[in-house]
Amino acid sequence: MASALTCFKPYTHPDDGVLFGWSLSFETNQVKSSANLTSLDVQVVACQGSWVITSLNVDFVPEPHIFDEELCCQANSHFGLADCFQWPQSYHKDYTYAVCIPHEERFPFPNPLYIAWYMQTPADFIIPAGPSFQVGMLHESKVKAFEDLFHLMRLATHEIMHLQHHPLVFRDLVVFIAQLQCTLLDIYTVLQFVKILYPLLNTLPSRPVLANPNWMGCFTNNTQVCKVLYFAGVPVWLVHREEFIPPTMNIIQPVHLTYPDHIVKTVYMENGVVKPFPAIYHGPCGALHHFHICHPYEGNLTQEPQPTPSTASLSQTSSGSWRQSSQKQTKSTRERARWEEPDLPEIPKPHGLFMSAWKILDKNLQWTPSEHIDPGYHFPKPTLFVNVTSPEHKKTYLLNWLAAWPLWISQVDVHPPSKFPSPQMWRDFLNMISMSIKQPSLTHSAAPKSAVHDILGDDIVHLAQGMVGAPEVITWHGMEVQVVSLSDPPLQFMCSLLWELYELDFHYELLVLDQVLAAHLWISDESQITCQTLLYSIFHSESGLIMWSEPLPQGLQQLGMCASDMQVALPFLNNFCELLSTWPGAPACLCTPAELDGQGNALVYEYFVLACQFYIQTAYTHLGCQPSLPHLFTFV
């Protein structure tokens with residue numbers, strides 16, 4: 001095995017003079033010194049196995065992790081030594097800009113970029129007061145640091161918004177922060193590439209530029225690539241076999257490999273229990289390697305990009321229960337089209353124009369399965385909490401929902417399940433009073449509960465304990481409710497809770513419809529951000545589609561499209577119409593924003609009515625049932 005210290009000795013040509021080549025400062029663009037080093041000469045040399053690694057423009061050789069690497073998230077959800085944002089990787093022409101990724105040690109605090117390498121700890125995981133929820137938020141000081149960096153770049157809007165408002169379990173927070181850090185570093189890197197490196201690559205200097213010490217650089221086995229990057233001032237290491245090294249090569253200094261001591265190489269653990277993330281790629285550093293690091297799939301690294309054998313076996317073992325649940329859901333869907341909400345004081349009223357559009361809809365139109373969109377039941381039907389057989393059942397339902405509410409909303413928002421529970425499954429879950437469903441059972445009553453467990457998962461089901469271990473007081477949206485009162489809960493609490501469920505149903509059903517009916521706009525990452533921005537702008541909430549961390553509305557100004565004052569509602573209505581205008585068959589006038597005329601605004605109301613009728617007709621045609629409607633918030 002070759003050894004850098006024994007096989008290679010310093011050597012220079014007699015007439016070389018200064019050994020550091022022509023160098024052009026990337027900051028001042030002024031010539032600084034000259035010499036005769038070529039791209040095949042070296043400033044340093046080191047060995048790993050049969051590979052010899054050399055560099056012309058830096059004085060160290062990082063340990064290469066480029067040959068046969070596994071992409072598997074470490075404890076901080078980064079990919080460790082195989083991560084281009086953490087350690088130098090192989091050059092690839094499709095990711096040329098990646099050589100400009102910054103070095104962590106070059107940007108210490110108080111430089112705003114320092115937060116891109118921050119590693120979150122349980123101390124920064126803030127759980128709200130009240131019940132022992134498993135979801136929480138990042139400490140406000142860390143959010144502020146990300147926000148400061150965001151303001152410098154004016155990008156990554158949705159990621160910062162998630163961090164400010166969206167509840168996550170700690171494991172998902174680790175994943176989310178790692179992805180946010182990669183996004184910010186990716187943006188910074190592209191800006192550096194466009195500003196500094198691209199002009200140099202476009203018109204290569206006649207003499208090499210001084211290596212930029214802020215850049216990560218790269219490995220390459222291509223001498224032509226090495227020469228180009230060397231002249232452009234990129235830290236570059238040429239990897240080749242010992243037999244290809246000429247005896248007349250300039251060698252300034254043999255060195256030992258530089259080993260990383262700041263990169264996390266341990267697996268993720270919770271409460272002392274190892275819970276590793278799955279590997280998503282195995283192979284040499286290249287295009288796929290870069291792709292998986294720079295393009296997280298569906299915003300979640302805790303799932304495989306393709307179905308795994310365990311997933312397949314789960315679907316096979318549960319096929320019977322899935323068939324039953326599908327039949328139940330189909331039946332409940334047919335019933336839902338004929339269902340009318342009870343007139344009870346707890347149930348908020350639907351928006352009048354949407355409800356009128358539903359009442360006049362021709363429900364006898366042909367509906368074919370090929371047009372069917374099934375958004376699933378993301379949340380329990382609000383009427384489940386009022387159509388109960390006894391006060392004790394109501395208390396159990398409310399306790400189980402309030403216990404699971406923040407964690408379930410987090411899952412739906414961050415990485416939703418492939419299937420959602422049917423109304424009966426939600427009833428089974430809300431009616432749970434113990435963890436007995438986790439025990440194997442062959443009884444008829446255990447089958448639906450097992451199906452609920454398969455969909456909701458261990459963490460959600462574990463929270464459904466009924467009165468077991470229930471606290472005396474529950475805090476919900478800043479409202480404190482005595483548990484003993486849940487059998488006959490305060491009217492304001494019930495109105496608000498049911499209003500939130502109606503709103504969440506409308507939000508996510510609109511999302512599903514838009515993703516299908518305007519699918520051509522959801523193809524690329526950039527267009528998805530545009531679609532999400534438009535969708536979020538329909539609602540007053542700053543948290544996107546969820547409302548977990550926000551206070552309840554305090555006045556008409558916070559009701560968005562449902563505000564009784566048209567001047568308040570109009571901006572949200574115009575955004576709603578803009579979204580509908582991309583759907584097939586949309587009236588042409590929806591493309592043009594409505595304006596108040598100050599004389600009764602009759603045209604604006606006609607515009608609103610038309611939008612409601614088109615939405616209800618289109619949603620009914622594709623859902624085969626009554627669509628979710630926005631409801632009015634009740635100020636008690």
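**Entry 1: ground rules**

I count two strands as paired if DSSP finds at least two bridges between them. Helices (H or I, at least four residues) and strands (E, at least two) are DSSP runs, numbered from the N terminus. The model is predicted, so I keep local features only at pLDDT of at least 70 and side-chain atom pairs only at pLDDT 80 or more, while totals for chains, interfaces and linings use all residues. Residues are numbered from 1 along each chain as its sequence is written, and side-chain values use heavy atoms, with hydrogens and water left out.

**Entry 2: the β16-β17 hairpin**

I looked up β16 (residues 473-476) and β17 (residues 479-482). Four bridges pair β16 with β17, in the antiparallel sense. W476 has M479 of β17 as its bridge partner. The two strands form a hairpin with two residues between them. I noted H477 in that turn, with a positive phi of about 50 degrees. Most residues other than glycine have a negative phi.

Which residues of β16 are covered, and which are uncovered? I474 and W476 make the covered face, V473 and T475 the uncovered one. In a regular strand the side chains alternate between the two faces of the sheet.

**Entry 3: whole chain**

I counted 16 helices and 17 strands in the chain. The chain has 636 residues, and 53% of them are buried (under 20% relative accessible area; exposed is over 50%, partly exposed in between, with a 1.4 Å probe and protein chains only). For contacts (heavy atoms within 4.5 Å) with a separation of 6 or more, 73% join residues 24 or more positions apart.

I traced a six-stranded open sheet in the order β5-β9-β10-β2-β1-β11, with mixed pairing. β5 and β11 (251-254) stand at its edges with a single partner strand each, so one side of each has no neighbour in the sheet. Inside the sheet, β2 (residues 51-55) pairs with β10 (residues 236-241) in the antiparallel sense over four bridges. V52 has H240 of β10 as its bridge partner. Helix α5 (residues 223-232) lies across β9 (218-220) and β10, and runs at about 160 degrees to β10.

The other open sheet I checked has three strands, β6-β7-β8, with antiparallel pairing. β6 (125-126) and β8 (168-169) are at the edges, each with a single partner strand, so one side of each is left without a neighbour in the sheet. β7 (residues 135-138) joins β8 through two bridges. V135 stands opposite V169 in β8.

**Entry 4: loops**

Is L81 buried or exposed? L81 is buried, at 14% relative accessible area. I find L81 in the loop between β4 (69-72) and β5 (89-90). Leaving out residues up to four places away in sequence, L81 touches H65, W87, Q89, P260, I263 and K265. K265 is 184 residues from L81 along the chain, yet their C-alpha atoms are separated by 7.6 Å.

I also found a cis peptide bond between F109 and P110, with omega about 15 degrees. P110 sits in the loop between β5 and β6. Most peptide bonds are trans.

**Entry 5: helix packing on α16**

I took α15 (residues 566-580) against α16 (residues 602-623). Their axes are 11 Å apart at an angle of about 40 degrees. Axes are lines fitted to C-alpha atoms, for helices over the stretch in contact, and angles run from 0 to 180 degrees between N-to-C directions. That makes α15 oblique to α16 (under 35 degrees is roughly parallel, over 145 roughly antiparallel, 65 to 115 roughly perpendicular, the rest oblique). The crossing is left-handed (the near helix is turned anticlockwise from the far one by less than a right angle; clockwise is right-handed). Contact residues include L573 and F576 of α15 and F608 and Y615 of α16. By class I get 13 nonpolar, one polar and no charged. Ala, Val, Leu, Ile, Met, Phe, Trp, Tyr, Cys and Pro count as nonpolar, Asp, Glu, Lys and Arg as charged, and the others, Gly among them, as polar.

Next I took α9 (residues 352-360). Its axis comes within 9 Å of that of α16, and the two cross at roughly 50 degrees. α9 and α16 are therefore oblique to each other. Their crossing is right-handed. Among the contact residues are F354 and W358 of α9 and F608, Y615 and I616 of α16.

**Entry 6: helix α11**

How many residues of α11 (residues 423-430) are buried? Six of the eight are, so I log the helix as mostly covered. The buried ones are P423, M425, W426, D428, F429 and L430.
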